[in-house]
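Subject: Structure for your files

Hello,

Please find the sequence and structure below. My notes on what was found follow.

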Amino acid sequence: MTETVFFYAFAALTLVGAIFTVTLRNAVHCAISLIASLAGVAGLYLLQHAEFLFAVQIVLYIGGIMVLFLFVIMLVNLDDASRQRQYHRHWMAGLFCAVATGGLFTLFLTRGAGELKLAAPAVPATPAAGNVESLSVLLFREYLVPFELASLLLLVAIVGGVMMAKRRI
């Protein structure tokens, strides 16, 4: 019962944060709403007993990337951006798309409810390794080169962002 309450609370936090992220006009408020949405996703990871992904979500995404987003938002001149014409005038088209998507979800859930049943989980014969151990073995044995390339691309992006910001200031 308690897990169900927490699931719905984290799911609501995720959805409300995501909706506010795309509907608010102030960029700082949008970033803070995205932080709330990412915190809801972290809570959902914790409910699934994925403690490593929970910690990565908090430390990396909320702690690192969102601080970087807020830094970029503060660096960009928002006065020029607020004078430009925004897309908010087409709310009727957005409302139509949202209603149509909701109708499709309802149709899929009512007609395909029998297809959504999951099979019974298989009982593991041997005790499995922990979450972090299996992820680290997979990451550093099978995907070491893509992991290092991604870190190199992130480093180049950070250095390029700092150089561009330094040139403007």
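Buried here means under 20% relative accessible area, exposed means over 50%, and partly exposed is in between, computed with a 1.4 Å probe on protein chains only. By that rule Q57, at 5% relative accessibility, is buried. This is a predicted model, in which local features need pLDDT of at least 70 and side-chain atom pairs count only at pLDDT 80 or more, while totals for chains, interfaces and linings use all residues. Residues are numbered from 1 along each chain as its sequence is written, and side-chain values use heavy atoms, with hydrogens and water left out.

Overall content

The chain has 7 helices and 0 strands; these are DSSP runs numbered from the N terminus, with helices being H or I over at least four residues and strands being E over at least two. The pattern along the sequence is α-α-α-α-α-α-α. Of the 169 residues in the chain, 12% are buried. A contact means heavy atoms within 4.5 Å. Of the contacts in the chain between residues at least 6 apart in sequence, 58% join residues at least 24 apart.

Helix 2 and helix 3

The axes of helix 2 and helix 3 come within 9 Å and cross at roughly 175°. Axes are lines fitted to C-alpha atoms, for helices over the stretch in contact, and angles run from 0 to 180 degrees between N-to-C directions. Angles under 35 degrees count as roughly parallel, over 145 as roughly antiparallel, 65 to 115 as roughly perpendicular and the rest as oblique. Helix 2 and helix 3 are therefore roughly antiparallel to each other. Residues of helix 2 that meet helix 3 include A27, L34, V41 and Y45, and those on the helix 3 side include F54, Q57, Y61 and M74.

Q57 belongs to helix 3. Beyond its neighbours within four places in sequence, Q57 contacts L38, V41, A42, Y45 and I62. I62, with residues up to four places away in sequence not counted, touches I35, L38, A39, Q57 and V67.

The largest nonpolar core consists of 6 residues, namely V28, A31, L38, I62, M66 and I73. Helix 2 (27–47) and helix 3 (51–75) are the elements that give two or more residues to this core. A nonpolar core is a set of buried Ala, Val, Leu, Ile, Met, Phe, Trp, Tyr and Cys residues joined through side-chain atoms within 4.5 Å.

In the loop between helix 2 and helix 3 is H49. H49 has a positive phi of about 60° although it is not a glycine. Most residues other than glycine have a negative phi. H49 is exposed, at a relative accessible area of 52%.

Helix 1

T14 sits in helix 1 and is buried, with a relative accessible area of 15%. A polar atom of the T14 side chain lies 3.3 Å from the backbone nitrogen of V41. Leaving out neighbours within four places in sequence, T14 is in contact with S37, G40, V41 and L44. V22 is also in helix 1 (residues 2–23), but V22 counts as exposed at 63% relative accessibility.

Cysteines

How many disulfides are there? With a disulfide taken as a pair of cysteine sulfur atoms within 2.5 Å, the count is 0. C30 is buried at 14% relative accessible area, whereas C97 is partly exposed at 46% relative accessibility.

Regards

Notes. A polar contact is a pair of N or O atoms within 3.5 Å; within protein, one must be able to donate a hydrogen and the other to accept it, and residues adjacent in sequence count only if both atoms are side-chain atoms.
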